[in-house]
Amino acid sequence: MSHALILPVILPLVAGVALVPWRDIRPQRVIALVATLAQAGLAAGLLASAGAAPEVYRLGGWAPPHGIVLVGDRLALLMLGLTLAVALGSLVYAVAGDDNRGRAFHPLFQFQLMGLAMAFLTGDLFNLFVAFEVLLIASYGLLLHGGGGRRHRAGFQYVVLNLVGSLLFLVALGLLYRVAGTLNMADLGPALAGLSGSGRAVAEAAVLLLAAVFGLKAAAFPLSVWLAATYGAALVPVAALFAIMTKVGIYALLRLDATLLAGLDFGLAPVLHVAGLATVAAGVVGVLAAGRLADLVSYLLLISVGTLLLGLAVPGEAAIGGVLFYLVHTTLITAGLYLLVGVVARQRVPLDDSLRAGAPLAQPRLLGGLFLVAAMAVIGLPPLSGFLGKLLVLRAPLTVEAPFAGLWLALLVAGLAALVALSRAGSTLFWKQGMPAGPQRGAALATLAPAAALVLASAALALAAGPLNAWLAEAAAGLADAGGYRAAVLGGGAS
Amino acid sequence: MNLAMAVVVGWLTACGVYLLLRARTMPVILGLVLLSHAVNLVLFLGGGVPAGAAPPLVDGSGADRADPLPQALVLTAVVISFAMTAFVLILALRNRRSLKSDHVDGERRDL
């Protein structure tokens with residue numbers, strides 16, 4: 001049995017522990033960069049070798065359903081790769097100075113990566129709970145990094161909300177174990193399918209509780225009120241890393257739908273549809289009302305979450321493939337936008353990212369150009385990946401003759417709102433001058449390069465859209481193939 | 001036994017939710033503690049009410065042994081919720097100092 005699948009969890013754990021004793025920031029930076037690069041290489045290797053059948057790793061050689069398994073199917077490995085792409089950008093940006101604004105940034109960052117990798121790879125619901133806790137505990141520390149009243153206030157609310165979410169998760173696990181006698185995701189599908197009467201009602205309640213917990217992580221309305229306050233208060237590289245956090249919720253919803261719900265014959269689609277519409281609406285209002293660029297990006301993130309939920313509500317594999325394309329696009333571009341906000345804010349020192357006319361920037365053309373590209377990608381203008389992603393989501397209901405009016409209206413209105421808000425923000429930031437030019441310096445390469453790379457990844461995604469989309473369609477087919485997943489996890493398998 | 005357990009879980013949950021909805025940080029934390037007790041009980045009972053059953057480590061006939069898995073799950077959950085309670089207490093104390101208020105929104109009102 002190959003041990004490669006456990007390494008994305010072990011490597012950040014070892015690196016995080018190795019980082020703890022250092023007081024000086026320089027060796028920490030070296031260790032963190034090396035460890036993250038190694039994980040990125042590992043994730044790329046796993047992604048390249050991902051076949052149609054999921055790779056299964058049994059922890060300690062214990063057989064499922066009681067032993068814990070890690071399952072590396074294409075979707076899980078895709079999420080892992082995405083995590084590390086965002087993490088590398090965020091880490092390079094942080095190393096330019098933000099990591100020194102408090103203690104223990106680098107160990108927490110590694111523990112965050114460990115939690116994320118475990119959440120994506122695990123095939124056991126209780127292990128998923130533990131992964132959520134690991135990534136949340138690290139995220140609490142990262143959110144507070146840098147200190148200050150605003151972060152503390154946002155931090156307390158974020159922590160309490162997520163603790164309540166964790167408690168609901170535990171209730172759902174207790175109920176599921178009571179009726180099904182297993183918590184292995186592959187095993188739960190058939191176990192739930194065999195239920196009837198009160199057992200079935202309990203199982204449905206538990207599944208809805210799980211959906212609520214994952215909705216909280218994904219920031220689905222009305223469980224989204226924490227998002228703007230939290231992300232707006234976090235330091236720039238932390239907010240960029242958190243761009244992947246809402247996707248953990250989306251991923252968990254996808255997995256829930258493919259494994260547990262397949263057995264229950266009970267769809268979440270109506271709930272997801274309404275939640276998606278409400279989330280987009282909340283995002284649109286926020287985008288138009290935002291007074292700071294970081295808040296504007298947070299509400300754009302909320303719109304993208306709503307779009308993903310609407311896509312999830314469309315039945316069928318074709319829809320999931322489109323949703324995955326949009327997910328890759330929105331994760332990268334949101335992280336890039338947060339980093340770009342940081343670069344722009346540093347050149348507007350008294351105003352930072354507040355959307356008021358200030359002194360001219362030191363590099364107006366370069367940053368303005370990047371902002372234009374990012375805005376086009378987010379709004380969904382051709383030829384960038386946002387256009388293709390939205391097109392795939394918009395087209396999805398037509399292929400299966402599902403109702404499409406709500407989805408179309410939401411996406412088109414959200415695109416218009418984003419266009420208005422981003423045009424206004426761009427002209428205020430880059431054209432209007434309300435102050436004399438100050439002694440602003442150009443951005444350091446270490447902050448500019450990751451922002452530019454993540455924003456320009458949108459163009460690369462558009463160029464590679466054909467093969468990428470085909471690969472994502474296979475990933476979606478693999479996700480929908482509950483039987484193959486179950487056979488790989490439970491049946492035989494060299495141990 | 002079932003009824004007693006249900007009443008205990010319900011009462012703990014009711015008290016926890018009531019405290020959680022307060023506007024001061026300490027009652028909120030106490031509410032979280034009560035809720036986590038209730039949830040741990042639910043998780044523990046996921047293996048059935050272990051009344052009369054032998055602890056899983058004692059050798060005996062298979063039928064009357066308690067299910068060991070929920071006990072392992074509860075142990076994990078207890079450790080995590082203990083650590084989180086400690087963390088959120090420190091966070092609340094730091095907020096009290098930096099915001100000069102123990103309101104959950106950090107507002108300064110008459111205490």
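**Figure 1. Overall dimensions of chain A.** Chain A has a radius of gyration of 22 Å, which agrees with the value near 23 Å that a compact globule of 495 residues would have. The model is predicted. Along the principal axes, the C-alpha atoms of chain A fill a box of roughly 70 × 55 × 40 Å. Chain A holds 20 helices and two strands. Of its 495 residues, 60% are buried. Contacts between residues at least 6 apart in sequence were also sorted by separation: 80% of them join residues at least 24 apart.

**Figure 2. Helices H6 and H9 of chain A cross at roughly 135 degrees.** H6(A) spans residues 149-180 and H9(A) spans residues 225-233. Their axes come within 9 Å. The two helices are therefore oblique to each other, and their crossing is left-handed. On the H6(A) side, the contact is made by A:Arg150, A:Arg151, A:Ala154, A:Gln157, A:Tyr158 and A:Leu161. They meet A:Trp226, A:Ala229, A:Thr230 and A:Ala233 of H9(A). By class, this contact has six nonpolar, two polar and two charged residues.

**Figure 3. The buried residues of H9(A) and their packing partners.** The buried residues of H9(A) are A:Leu227, A:Ala228, A:Thr230, A:Tyr231, A:Gly232 and A:Ala233. A:Thr230 and A:Ala233 also take part in the contact with H6(A).

Figure 4. A:Ala219 sits in the loop between helix H8 (198-218) and H9 of chain A. Its phi is near 65 degrees, a positive value in a residue other than glycine. Most residues other than glycine have a negative phi. A:Ala219 is buried, because 28 other C-beta atoms lie within 10 Å.

**Figure 5. A:Ala104, a residue with positive phi in the loop between H3 and H4 of chain A.** The loop holding A:Ala104 runs between helix H3 (74-95) and helix H4 (105-121) of chain A. Phi of A:Ala104 is near 65 degrees, again positive in a residue other than glycine. A:Ala104 counts as partly exposed, because 18 other C-beta atoms lie within 10 Å.

**Figure 6. Two cis peptide bonds between prolines of chain A.** A cis peptide bond joins A:Pro64 and A:Pro65, with omega about 10 degrees. A:Pro65 lies in the loop between strand S1 (55-58) and strand S2 (69-72) of chain A. A cis peptide bond also joins A:Pro382 and A:Pro383, where omega is about 10 degrees. A:Pro383 belongs to the loop between H15 and helix H16 (385-399) of chain A. Most peptide bonds are trans.

**Figure 7. Helices H16 and H18 of chain A pack at an angle of about 55 degrees.** H18(A) covers residues 445-463. The axes of H16(A) and H18(A) are 8 Å apart. The pair is therefore oblique. A:Ser385, A:Gly386 and A:Leu388 in H16(A) meet A:Ser458, A:Leu461 and A:Ala462 in H18(A). The contact has three nonpolar, three polar and no charged residues.

**Figure 8. Surroundings of A:Ala357.** A:Ala357 is placed in the loop between helix H14 (317-346) and helix H15 (364-379) of chain A. With 15 C-beta neighbours inside 10 Å, A:Ala357 counts as partly exposed. Beyond its neighbours within four places in sequence, A:Ala357 is in contact with A:Thr428, A:Lys432, A:Gln433 and A:Gly434. A:Ala289 is 68 residues away from A:Ala357 in sequence and 17 Å away in space, C-alpha to C-alpha.

**Figure 9. The contact between chain A and chain B.** Chain B gives 28 residues to the contact and chain A gives 21. In chain B, helix H2 (25-44) and helix H3 (68-99) each supply at least two residues of the side that touches chain A. H3(B) gives the most to that side, with 15 residues. By class, the side of chain B that touches chain A has 19 nonpolar, seven polar and two charged residues.

Terms used: Residues are numbered from 1 along each chain as its sequence is written. Chains are lettered from A and ligands numbered from 1 in the order in which they are written. This is a predicted model: local features need pLDDT of at least 70, side-chain atom pairs count only at pLDDT 80 or more; totals for chains, interfaces and linings use all residues. Axes are lines fitted to C-alpha atoms, for helices over the stretch in contact, and angles run from 0 to 180 degrees between N-to-C directions. Helices (H or I, at least four residues) and strands (E, at least two) are DSSP runs, numbered from the N terminus. Angles under 35 degrees count as roughly parallel, over 145 as roughly antiparallel, 65 to 115 as roughly perpendicular and the rest as oblique. A crossing is left-handed if the near helix is turned anticlockwise from the far one by less than a right angle, and right-handed if clockwise. Two residues are in contact if their C-beta atoms, placed from the backbone, lie within 7 Å. Ala, Val, Leu, Ile, Met, Phe, Trp, Tyr, Cys and Pro count as nonpolar, Asp, Glu, Lys and Arg as charged, and the others, Gly among them, as polar. A residue is buried if 20 or more other C-beta atoms lie within 10 Å of its own, exposed if 12 or fewer, and partly exposed in between; C-beta atoms are placed from the backbone. The radius of gyration is taken over C-alpha atoms; the globule rule is 2.2 Å times the number of residues to the power 0.38.
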